[in-house]
Amino acid sequence: MRLALRESHIRLWQQVFGLLAAVAVLAYLGPFNTWGWLSLPERIAFWTLATGVNWLFGLAVGIAAGLALERRGRLVWAAVVSGGSAAAAVPGTAVVWLLVATFIGHRMSGLAEIGSLYSQVLAIHLVLNALVTWLVARQPRLAKAAAGTEGGRDSSQPGETVPGAAFLERIPDRLGRNLLHLRMQDHYVEVHTDVGSDLVLLRFRDALREVAELDGAQVHRSHWVARAALDRVERRNGRTLLRLVNGREVPVSRSFAPALRERGWL
């Protein structure tokens, strides 16, 4: 559990901010008849309890689904989000039922009424868990890519040689210095970082020479990838593809595959 929390990279203050924003919106809109039955302070108390408790139920689902997305892929992630949300919505529905009974005095009964309540709680869990766990899976990789390929004059000490400095100086400042992927485009090199992409007028073989000291590898005659940018390996129709943290797919040619296997990439 500590490993999962460490890998989540969604800071506590961000979660608290999200919870407060959700409470503010729900207290203003007043779903579940809370607008007509409760005053504003009562609605704030109602939705603080409902949102806070449901967040605790969804947190375990979020961590598990985020790790599933990072390690197992989208299908397993979707299964964890769907099944986990369905499970978390059961106690979540019980909490909302109890709050409605306590604050409004209405005890919902019957399959239709409770089923309607469950479907609304489930919808909230599905949307929030899908969004949050996607960020959980992506942020650690992007942070790792930033740490693994960081360079340039701003991060170096006087007299220190920065790996790949010659190439990093060619990149526009707006792209930062966190290289993820290089792609040959005629007489240009298409440069991808964690914040965007651009074209640099340079021969690809010269670019490869300038990034040789960085932790990465040429995976195709037209592609170079930073190790920290690798999300997962996919095989499709007899082809090997690298899925990167920025969502791009990069082909692996057969001539480079043996060297990549020796380095533990495949």
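Two strands count as paired if DSSP finds at least two bridges between them, and that's the idea to carry into these close-ups of a predicted model.

**View 1. Strand E2 has a partner in E1.** Let's start with E1 (residues 179–185), which runs antiparallel to E2 and is joined to it by 6 bridges. Pick out histidine 181 and you'll find its bridge partner in E2, histidine 192. The hairpin of E1 and E2 has 2 residues between the strands, and here aspartate 186 takes a positive phi near 55°.

**View 2. E2 also pairs with E3.** E3 covers residues 196–201, and its pairing with E2 is antiparallel, over 6 bridges. Look for valine 191, standing opposite aspartate 198 in E3. A hairpin of 2 residues links E2 to E3. E2 itself (residues 188–193) is mostly covered, with 5 of its 6 residues buried.

**View 3. E6 and E7 form a hairpin.** Strands E6 (residues 230–236) and E7 (residues 239–244) are antiparallel and share 6 bridges. Valine 233 has leucine 242, in E7, as its bridge partner. Between the strands sit 2 residues, and asparagine 237 has a positive phi near 55° in this hairpin.

View 4. The largest has 31 residues, and Phe167, Leu179, Leu182, Trp224 and Leu242 touch the most other members. Another core, of 18 residues, lies apart from it and includes Val23, Ile104, Leu117 and Val121.

View 5. H5 spans residues 74–103. Alanine 86 and valine 121 are 35 residues apart in sequence, yet their C-alpha atoms are 9.2 Å apart in space.

Methods: Residues numbered from 1 in each chain as written. Predicted model: local features only at pLDDT ≥ 70, side-chain atom pairs only at ≥ 80, totals over all residues. Heavy atoms only, no water. Helix = DSSP H or I, 4+ residues; strand = E, 2+ residues; numbered from the N terminus. Core = buried A, V, L, I, M, F, W, Y, C linked by side-chain atoms within 4.5 Å. Buried < 20%, exposed > 50% of the residue type's maximum accessible area, 1.4 Å probe, protein only.
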